[in-house]
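I opened this entry to keep track of what I looked up.

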Amino acid sequence: KLFKQFGSISSVRFRCAVSADPKLSQKVALIRGKLHPELDHIVAYVVYGKEQSVNGALSLNGSIVDGHTFRVDRCGCQSKYDNKRSVFVGNLGYTVNEDEIRRSFQICGEIDGIRVVRDRKSGLGKGFAFVMFSHRDGVELALEFNNKDLNGRSIRVSRVTKIMSGSERSDKVTKSRNLKSTNKNRTHKPSYRSKTFKKVLQNKLREKRKVNIAKQLTGS
C-alpha cells in the first residue's frame, strides 16, 4: 500500500527474511508469519509497471514508518559509497538492526546510510556494519564511540579503508593464483647480481687461472 501510491505495481519480492524455525524456508516463514521475533528487518524488491513510478518511490528514502527508517534505492544502479565519510563498526550482536545503530551514531551527524553485513542464508548479522555520514566531520566524532557499549557489547569503531567489491576480490585472488602457478612452472634463472652467480663466476675464473698457470709451468 505504501508504494502503490506512486503507480501500478507488477510484482513484489521479499528477501532476507529470518525464519523463527531453522527448518522452514524463508518463503514458507513469510507465508505463515513465522519470522524471528528479534529480527524484524526485511528487504523487498518492488517492480512497477512504469519507470516514472520509481522516481516517486525514491522519495520514501529516509522516511520513518512504524519506527523503522526506510532505505529506498533504484535497482541496477551502483550506490555512491564514500569511505572517507564512513566508519567500520565491529563486535556487534548478530540480531542488531540498522535503527539501533542509527540511534547510537546520529548524535555524530546526519547519516546517509547504514549497512549491516548479513549472512545470505540465515539473514543474521555477521557482527559488523558500516555507517556513512553526510560529512566527514561525523567520522571524527564517531571514532570516539570505540569501545563504547551497544546492546551490552563493547563495539569497535575505526576508519574505513578501501572496500573491494566481490568481483574485485575474485579478480585479485585469481591473479594471485595465476602468479603463483607461473612462478612455480618457470625455470629458475640466476640473476647476474645474485651472490650465487658471482660465486660461481669467481670459481670459474679461479679454475681458469689454475689451468693457465699449469700450462706455463709445463711449458705447453
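My notes on this structure follow.

**Overall.** I am working with a predicted model. I then checked burial: 21% of the 220 residues count as buried. The chain exposes about 16,700 Å². Carbon and sulfur atoms supply 51% of that area. For contacts with a separation of 6 or more, I read that 59% join residues 24 or more positions apart.

**Cores.** Which residues have the most contacts inside the largest nonpolar core? I noted Val87, Leu92, Ile101, Phe105, Val131 and Phe133, in a core of 18 residues. Five elements each supply at least two residues of this core: strand E5 (86-90), helix H3 (98-105), strand E6 (111-118), strand E7 (125-133) and helix H4 (137-142). I also logged a second, separate core of five residues, which includes Phe3, Tyr48, Leu60 and Val72.

**Val87.** I listed its contacts, leaving aside neighbours within four places in sequence. Among them are Ala129, Phe130, Val131 and Phe133. Val139, Ala142 and Leu143 are also on the list, as are Val157, Ser158 and Val160.

**Asn97.** I found Asn97 in the loop between E5 and H3. Is Asn97 buried or exposed? Its relative accessible area is 12%, under the 20% cut-off, so I count Asn97 as buried. I then followed its side chain. A polar atom there lies 3.1 Å from the backbone nitrogen of Asp99. The side chain of Asn97 also reaches the backbone nitrogen of Glu100, at 2.9 Å.

Definitions and conventions
Residues numbered from 1 in each chain as written. Predicted model: local features only at pLDDT ≥ 70, side-chain atom pairs only at ≥ 80, totals over all residues. Heavy atoms only, no water. Core = buried A, V, L, I, M, F, W, Y, C linked by side-chain atoms within 4.5 Å. Buried < 20%, exposed > 50% of the residue type's maximum accessible area, 1.4 Å probe, protein only. Helix = DSSP H or I, 4+ residues; strand = E, 2+ residues; numbered from the N terminus. Contact = heavy atoms within 4.5 Å. Areas by Shrake-Rupley, 256 points an atom, 1.4 Å probe, with all protein chains shown as cover. Polar contact = N/O pair within 3.5 Å; in protein donor to acceptor, adjacent residues only side chain to side chain.
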